[in-house]
Amino acid sequence: MAGGQQSRPRASGWDQFRARVAQAEADARRAAQQATQTLAAARQRVERAVVDPRVLAAVAPGAAIAQIIRNPEVKRQATAVVRNGQSAVQAMGRGVVQTLVENPLLITNGVAAVPTVVATNPKMRNQALAGGRGAQDAFTFGLGDRVYAGGSALYDAASGKDLGQAYRDRMEIERERDRYDAEHYPVARTVGQVTGTAGQIALLSPVQAIAGGARIAQAAPLVGREIMALGAAGATAGVADQAVSDLMAWELGSLGDYAGSALGGVAGVTTAKTGNAALAGSVSGATASLLQDAFNGRPISADDARAAALIGSSFGALGGRVGRKESNELNGLQKQRLGEWVSRQRTFVRGDETLPHDPTAYKLPSQRNTYPDQRTRRGILVESKFGRGARLSRNQTEAAETLSNYRVDATLPQDIGFAVGLPVGLLSADLWLHGRE
Amino acid sequence: MGLMCSWVAVRGVAKGPLLEALQFEETGEQGDLWKGIPKYFCSERPNGWTVVFSNHFEWANPARVLELSRHGEAVGCQFEDKVEMTSLAFAARDGEEVWRVFHVNDEKNSKRLDVTGDPPRVEELKAEFFKLQEEKGDAEDVDYVHEIPLEVAKSACGYRLDEDESTFHIVQPIGGEPPKRGFFASLFGRR
């Protein structure tokens with residue numbers, strides 16, 4: 001849009017989106033009240049019946065899950081939240097289309113035109129600046145404003161002003177600018193803050209940079225049942241983490257808290273392929289925060305989600321490092337047993353059964369023998385590997401190439417790190433989310 | 001239980017004195033080499049060597065081979081293909097090391113091979129398996145260099161596990177085997 005023209009009113013799609021969010025929030029608040037009353041009554045019954053807090057921790061998540069499954073009103077509200085999310089995405093899509101129509105350079109020149117469009121379009125330029133300031137604030141935990149104010153105050157003091165007063169004046173300017181950005185460019189500022197937090201999280205990944213490595217090419221990929229099992233494990237970790245945080249606060253969380261944490265665990269598991277526990281902790285923490293806000297009828301707080309992501313990432317990275325280091329430092333026999341244990345779990349999840357006896361030699365076309373670690377009831381021969389240095393031998397390669405029932409499981413220390421780091425990261429985020437309430 | 005085992009072959013001593021030196025006794029049974037941990041097996045070869053096999057990687061270590069070499073020429077072999085593709089072949093005579101060939105899959109060097117002394121056929125085997133490793137091993141995540149110590153040991157005494165079909169007899173330590181450790185005891189026990 002050329003300079004000098006009046007700014008257009010906000011797109012109708014944005015108003016529709018805001019109205020839908022407000023409706024969903026009201027509906028979710030009503031459903032949350034009903035669920036809370038039901039859960040409070042259940043809690044009283046449990047508290048009368050149970051003395052051991054460990055039993056309470058075991059029962060409460062189960063009761064919460066049962067409520068989720070059986071309560072049609074909660075399911076309806078969750079569906080409404082998802083639908084509103086879809087509407088928001090559609091509204092944003094319409095906004096993008098409108099931006100492209102107003103700035104045809106973006107269509108003809110693509111990303112390369114962005115700097116030109118931003119420089120010549122005052123509205124877009126201001127949004128970009130707001131986003132940049134948001135990123136700086138998030139990345140520096142707000143210290144960037146102080147540093148800038150301090151530097152400017154020194155300049156002012158050199159010109160004759162009182163240093164203390166100059167710093168206070170400069171800080172007030174920075175705060176006023178932040179308030180203006182939050183009021184006039186909330187989306188751009190939030191996107192910038194998220195970007196800044198993402199930068200902090202990216203710096204955390206190297207904390208667990210130990211014992212990483214590539215999986216051998218012949219390793220059997222995860223099948224659908226295993227992916228579903230991982231999702232279920234993530235949900236279980238989320239419920240367990242919420243229960244632990246409830247225990248530590250000695251306060252039972254709401255149905256929405258448990259549901260949010262469970263789905264946070266599922267979201268964290270989607271990053272399993274990266275083996276990055278810091279990433280898993282951040283995704284699970286942010287997801288848990290956003291969903292707990294939605295399910296509990298609270299305004300969705302991007303700031304809380306960012307904080308939960310950063311906390312989840314920090315502790316996820318530490319847990320990931322411990323898991324990687326400890327598993328990598330096991331001796332050869334221990335690593336072999338760990339790898340075989342993982343293989344037994346994979347076989348079980350695939351709906352098969354590991355036979356109790358060790359298989360004997362298996363004759364190959366070359367007349368040499370191969371000695372798989374396990375044989376399953378369905379006749380699968382399983383070769384288990386653990387560690388970055390594991391490769392296939394000549395005989396194992398021949399078996400992989402010639403036998404259709406040969407499966408290679410290659411477990412790495414980063415897998416153990418992920419399994420440790422994800423629940424630790426999500427637990428830390430849950431504890432923080434508990435404290436903010 | 002996968003391939004994480006060891007064996008020692010001795011020439012110039014009969015089976016009875018060899019088992020006595022190891023403090024083993026025969027059980028009178030024959031069996032497969034993979035049933036249970038730990039298990040020991042013994043086989044007298046037509047070429048004069050007697051092989052004692054163990055499902056335990058640490059059993060036929062160089063110290064044991066040196067000790068047994070006081071009774072006759074001894075060759076030992078340790079190998080695993082589960083974790084780091086470690087393979088070691090070791091020969092001794094009269095209590096002294098004669099040669100040694102060692103490989104482990106070092107991530108920085110897939111062709112790591114430590115050789116001391118003059119093992120049989122080692123240069124010929126290096127040429128063959130290094131070429132295979134360069135041509136396809138590195139690209140396909142296969143360790144061909146792991147084969148070299150096994151082939152050297154076979155050249156010395158004629159025995160290689162995965163090519164042998166002969167009958168082995170179960171032997172055991174005099175007084176029985178130590179109790180089996182549980183999974184967590186072995187996983188988190190002494191390293």
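Is Phe24(B) buried or exposed? Select Phe24(B): at 8% relative accessibility, this residue counts as buried (buried is under 20% relative accessible area, exposed over 50%, partly exposed in between, with a 1.4 Å probe and protein chains only).

This is a predicted model, in which local features need pLDDT of at least 70, side-chain atom pairs count only at pLDDT 80 or more, and totals for chains, interfaces and linings use all residues. Residues are numbered from 1 along each chain as its sequence is written, chains are lettered from A and ligands numbered from 1 in the order in which they are written, and side-chain values use heavy atoms, without hydrogens and water.

Next, select strand β3, residues 40–44 of chain B; four of its five residues are buried, so the strand is largely enclosed by the rest of the structure. Strands (E, at least two residues) and helices (H or I, at least four) are DSSP runs, numbered from the N terminus.

Now show β9(B), residues 169–173, antiparallel to β3(B) over three bridges. Val171(B) is the bridge partner of Tyr40(B).

Finally, show the aromatic rings. Six aromatic pairs are found over all chains (ring centres within 6.5 Å, using the six-membered ring of Trp; planes under 30 degrees apart are stacked, over 60 edge-to-face, the rest tilted). Phe24(B) and Tyr40(B) have ring centres 4.7 Å apart and planes at 50°, so this pair is tilted.

Notes. Two strands pair if DSSP finds at least two bridges between them.
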